[in-house]
Each structure stands twice: as C-alpha cells, then as structure tokens.
Amino acid sequence: QQWHRSHRLQITQPLKMSPINTALIFLVFGAFMCQSSDAQYGGGFGCECTNPWLGQIFSEHQGDPANTCYGPAKFCYVDCRSDCRDCRPAKGRGRCWSKLACRPDIAAKEIGTGI
C-alpha cells in the first residue's frame with residue numbers, strides 16, 4: 001500500500017459563504033465574547049451578595065454571606081454581571097465573588113448609587 005500524490009486534498013477555490021452564514025458566525029462569536037470568563041463590570045445588577053447554593057440544604061452554608069463576609073477571606077458571591085468593580089470569577093462555573101459587596105457602604109459609592 002503506497003501513498004500516491006493524487007490522493008492529497010487540494011483546495012483550489014476559496015471558501016464561499018453566504019451572507020446569512022457569515023452573520024451567524026459573527027453572532028455566535030459575539031455571544032461567546034460577551035460570555036467571557038472574566039466578569040464584565042457594569043452589568044446594571046448592583047453590587048450585592050448572593051448565594052449560589054440557596055435552597056440546597058447541604059451546600060447553602062458555603063455561599064451564605066453571613067459566613068463568607070465575616071470569615072477570614074471577607075468576600076461573598078455576586079452575580080457575574082454585577083456592578084462590583086472587584087468582581088472576579090470564582091472556582092466553578094458561573095459563579096463570581098467580590099469583597100466590596102460585603103461592604104454595602106463602599107459598594108454603593110463605587111457604582112455611583114450612594115452618597
């Protein structure tokens with residue numbers, strides 16, 4: 001069994017795409033870029049603590065701001081679209097954290113809704 005040059009894949013014409021396919025590719029790419037792993041500042045969701053495990057009996061304590069804000073790390077989980085300027089992705093998919101959210105007096109001033 002010998003490999004012959006005639007079996008090589010040759011592309012002689014440029015790839016042609018319809019305008020609809022091109023638009024779909026840009027739409028998907030744009031959606032991907034908006035969902036980057038880094039939280040984007042200024043999503044209009046305020047800067048407030050949330051609990052991603054709310055209602056899950058055995059895990060709820062892990063995200064309870066009463067535990068996380070007053071623990072050694074002094075942070076809480078926030079919506080990844082939050083306005084906290086220190087919003088960062090947390091370990092695990094779809095969770096973010098902030099230290100500012102534990103300090104509503106500072107968080108409100110940071111996003112311009114406070115005094």
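1. A term is needed before anything else: a residue is called buried under 20% relative accessible area, exposed over 50%, and partly exposed in between. Aspartate 79, at 25% relative accessibility, is therefore partly exposed. The model is a predicted one.

2. Disulfides. The count comes to 4 disulfides. With the bonded cysteines of the protein numbered in sequence order, the pairing reads 1-6, 2-4, 3-8, 5-7.

3. Cysteine 47 and cysteine 84. These two cysteines are joined by a disulfide with an S to S distance of 1.9 Å. The link is right-handed, with 110° about the S-S bond. Cysteine 47 sits in the loop between helix H1 (19-34) and helix H2 (65-68), and cysteine 84 in the loop between strand S1 (76-78) and strand S2 (88-89), so the bond ties together parts that are 37 residues apart in sequence. Both ends are buried: cysteine 47 has a relative accessibility of 8%, and cysteine 84 has a relative accessible area of 2%.

4. Cysteine 49 and cysteine 76. The sulfur atoms of this disulfide lie 2.0 Å apart. The torsion about the S-S bond is about -80°, so the link is left-handed. Cysteine 49 belongs to the loop between H1 and H2, while cysteine 76 is in strand S1, so the pair connects parts that are 27 residues apart in sequence. The two ends fall into separate accessibility classes: cysteine 49 is partly exposed, with a relative accessible area of 25%, whereas cysteine 76 is buried at 0% relative accessibility.

5. Cysteine 69 and cysteine 102. A disulfide joins this pair as well, with S to S 2.0 Å. The torsion about its S-S bond is -85°, and the link is left-handed. Cysteine 69 is placed in the loop between H2 and S1, and cysteine 102 in the loop between strand S3 (96-98) and helix H3 (104-110), so parts that are 33 residues apart in sequence are tied together. Cysteine 69 and cysteine 102 are both buried.

6. Cysteine 87. Which cysteine sulfur is closest to the sulfur of cysteine 87? The closest one is in cysteine 96, at 4.2 Å, which is too far for a bond. Cysteine 87 is buried, its relative accessible area being 6%.

7. Salt bridges. Side chains of opposite charge can pair when their charged atoms come close. How many salt bridges does the model contain? The count comes to 2.

8. Arginine 81 and aspartate 79. The closest N and O atoms of this salt bridge are 3.1 Å apart. The cut-off for such a contact is 4 Å, so the pair qualifies.

9. Arginine 103 and aspartate 105. The side chains of these residues form a salt bridge, with an N to O distance of 3.2 Å. Arginine 103 is partly exposed at 42% relative accessibility. Aspartate 105 is also partly exposed, with a relative accessible area of 45%.

Methods: Residues numbered from 1 in each chain as written. Predicted model: local features only at pLDDT ≥ 70, side-chain atom pairs only at ≥ 80, totals over all residues. Heavy atoms only, no water. Buried < 20%, exposed > 50% of the residue type's maximum accessible area, 1.4 Å probe, protein only. Disulfide = S-S within 2.5 Å. Helix = DSSP H or I, 4+ residues; strand = E, 2+ residues; numbered from the N terminus.
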